[in-house]
Amino acid sequence: TGGGSHSWSGQYNLTANMTWEVDLFGSIRQRVKAQREQFRASEEEYRGVMVSLCAQVATAYFSLRQYQQEWEVLDHNCESQLAVVNLTEARNRSGLASKLDVAQARQVYYGTLAQQPAMEARIIGVMNTLAVLLGQFPQDVVEGLSTPAPLPDYMEVVGVDVPASLLRRRPDVRQAERQVDAQAALLGAAKRDWLPRFFLDGSIGYASTELKSLPRAGSLSWQIAPSMSWTLFNGGQRTNTIRLNRAQLDEAITQYNQTVLTAMQEAATAMSAYTNSIEQIVATRQAFVQSQTALTLSLDLYKQGLTTFQSVLDAQRSLLGYEESLVQAQAASLTTLVQLYQALGGGWE
């Protein structure tokens, strides 16, 4: 504007700008690899959590069946002990037994009976634990599992060695391995940052002084320009970054080695515990059978007046103890089998 006259000028642009870094030395590829390995490590962590959850559910289920079976053991022992109480009372009325025999028989009976409420509380507690693990309401779990069921009768020896190749199936070992790969990729990328970076800058679009002529072919404009960036001095930042990445890589390697050693120790321990648990079941079962025989013989001798009532009391207590021990040994064996499953990363073939 000037001198009382006015002039106008306009410039219209419609442009797309693009920049592409040429990954000549692989810096970007290394960072992409590091992110990919971090993602895979997160996947392995998720798998590890799922294996742990399955192990917790199985352990809680076996505990539930153990407590239900122990309750049934208490129940039928109460019935047999009540029969002994009735026997001693009848013999006392006939003058063949003293009141001491009756009192001792009742003592054993009521002592066994008193254990049932505590066992029922354990059963309810394990059901609630299962409900939490399964993400359900307690009443839904109670409806499906309130009926007692025996423990799975599984006593087969699992033929599994513990080589490193098998333990690499464990999610935590694979996760640690992914972490090592990610840190190695980051270290490689940090070293490549010393090298120059190359870019291709380009733009394409339309430019015109008139809006109506903007989309015409004559208004098309474009350009491609290569560029290079090379940082020669940055106050030691890249040197310190390389040191940090190298230290993190050493830490990841140490963690991987420790994870492998822990995995081998857990697998070997679980295998030994499971094998020995089978031997314990066999021995406890024999003791239970002999305690049944001892109770039968002691009752026969007591009825004939050939032994004291104390032998019957001892036989009753032994029978209850060994039968409970047998149930507990079976449950412990299944629990160690679950631990072996978990130690091997979710099973074996």
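At roughly what angle do the axes of helix α3 and helix α4 cross? In this predicted model, in which local features need pLDDT of at least 70, side-chain atom pairs count only at pLDDT 80 or more, and totals for chains, interfaces and linings use all residues, the axes of α3 (residues 115–134) and α4 (residues 138–145) come within 8 Å and cross at roughly 120°. Residues are numbered from 1 along each chain as its sequence is written, and side-chain values use heavy atoms, with hydrogens and water left out. Helices (H or I, at least four residues) and strands (E, at least two) are DSSP runs numbered from the N terminus, while axes are lines fitted to C-alpha atoms, for helices over the stretch in contact, with angles running from 0 to 180 degrees between N-to-C directions.

The contact (heavy atoms within 4.5 Å) is made by M127, N128, L130 and A131 of α3 and by P138, V141, V142 and L145 of α4.

A search of the whole structure finds eleven salt bridges, each defined as a side-chain nitrogen of Lys or Arg within 4 Å of a carboxyl oxygen of Asp or Glu.

A nonpolar surface patch of about 780 Å² is made by M18, W20, L200, I204, L220, W222 and I224. Such patches are made of residues with over 30% relative accessible area and no salt bridge, like charges being joined within 9 Å and nonpolar side chains (Val, Leu, Ile, Met, Phe, Trp, Tyr) within 5 Å; accessible areas come from the Shrake-Rupley method with a 1.4 Å probe, and for residues only the protein chains shown count as cover. The largest share of the patch, three residues, comes from β3.
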